Amino acid sequence: MIPLSDDSAMQWGEHKDKRLGDVPPAYLMWLWEQRWLREYRQLYAYIEARLPKIREAVAQQDATKGVADSAGGPLETYEDYLKHYRGF
């Protein structure tokens, strides 16, 4: 398995084709909280390796902007994600 880097492209979702380094930390944190992410080992490992930095960025954003979790918490499966965000 080839590890992902900040220059790797996001493979799906609302940030598809963006560099992973350009994906908002809040989105990466939300992904990390999803149980189904573990099925995507490369992305899981990428986020896990950067988790302290991602958490710090999200905490700063929350403190300055009062950002709330738009998903309302973890979703169980990728299919739940599609239903919630894409209407499938």
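Is W32 buried or exposed? In this predicted model, local features require a pLDDT of at least 70 and side-chain atom pairs count only at pLDDT 80 or more, while totals for chains, interfaces and linings use all residues. Residues are numbered from 1 along each chain as its sequence is written, and side-chain values use heavy atoms, with hydrogens and water left out. W32 has a relative accessible area of 13%, so this residue is buried (under 20% relative accessible area; exposed is over 50% and partly exposed in between, with a 1.4 Å probe and protein chains only).

A pair of aromatic rings is described by the distance of the centres and the angle of the planes. Six aromatic pairs are present in the structure (rings of Phe, Tyr and Trp, the last by its six-membered ring, with centres within 6.5 Å; planes under 30 degrees apart are stacked, over 60 edge-to-face and the rest tilted). The ring centres of Y27 and W30 are 6.0 Å apart and their planes meet at 25 degrees, so this pair is stacked. Both residues belong to helix 1 (residues 25-33), three residues apart, or about one turn of the helix (helices are DSSP runs of H or I with at least four residues, strands are runs of E with at least two, and both are numbered from the N terminus). Y27 and W30 are both buried.

W32 and Y44 form a further stacked pair, with 4.7 Å from centre to centre and 25 degrees between the planes. This pair links distant parts of the chain, since W32 lies in helix 1 and Y44 in helix 2 (residues 41-65), 12 residues apart. Y44 is buried, with a relative accessible area of 19%.
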